Amino acid sequence: MVTIYDVPADALIEEVAGRLEDRIEQPDWMAFAKSGQTRELPPQQDNFWFIRGASLLRKVAMNGPVGVDRLSTEYGGLKRGSNRYSVSGAHSDTGSKKVIRKLLQQLEEEGFVETAKGEGRRITAEGTSFLDNAASDVLSDLDRPELERYA
């Protein structure tokens, strides 16, 4: 049985994002929203919403139960200070909690994620099965000799 730990993360996220396009929909406001305070512009990718959803599902499966605050820290970045004026230097900042919260709600409606009282969100059996099926397809499509032992 192939699990999410057996395949590369980028290939798994790409496969799961393709499968999520049929199940969840991107809100209209996402065309104008930034993905965090450290960004200047909204995401330029057409399928950003689905890629972030796939990434969130993988993170919840690996690290769960996990809350929105911790996830926003993982999706944060470096907020740079200005060189032109004498202002504060660079420091880290969080990612957009609205985007993360909305995606988790959509994944919860699909039955992939559930809320654990006081602990955050965790993956359900249906979500684990969904990710494992995607991982199995990714592994069969990969042409990498070092991963043959998992096939």
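Predicted model: local features only at pLDDT ≥ 70, side-chain atom pairs only at ≥ 80, totals over all residues.
Residues are numbered from 1 along each chain as its sequence is written. Local features need pLDDT of at least 70 and side-chain atom pairs count only at pLDDT 80 or more, while totals for chains, interfaces and linings use all residues, and side-chain values use heavy atoms, without hydrogens or water.

**Exercise 1.** Work out how helices α2 and α4 are arranged.

Solution. Start with the helices, which are DSSP runs of H or I with at least four residues, numbered from the N terminus. The axes of α2 (residues 48-63) and α4 (residues 97-110) come within 10 Å and cross at roughly 75 degrees. Axes here are lines fitted to C-alpha atoms over the stretch in contact, with angles from 0 to 180 degrees between N-to-C directions. The two helices are therefore roughly perpendicular, a term for angles of 65 to 115 degrees. Next, look at the contact (heavy atoms within 4.5 Å): α2 residues including W49, L56 and V60 meet α4 residues including V99, L103 and L107.

**Exercise 2.** Find the cis peptide bond and place its proline.

Solution. Go to G64 and P65: the bond between them is cis, with omega near -5 degrees. Then place P65, which lies in the loop between α2 and α3 (68-74).

**Exercise 3.** Describe the largest nonpolar core.

Solution. Such a core joins buried (under 20% relative accessible area, 1.4 Å probe, protein chains only) Ala, Val, Leu, Ile, Met, Phe, Trp, Tyr and Cys residues through side-chain atoms within 4.5 Å. The largest one has 36 residues, and V16, L20 and L57 have the most contacts inside it.

Methods: Parallel < 35°, antiparallel > 145°, perpendicular 65-115°, else oblique. Buried < 20%, exposed > 50% of the residue type's maximum accessible area, 1.4 Å probe, protein only.
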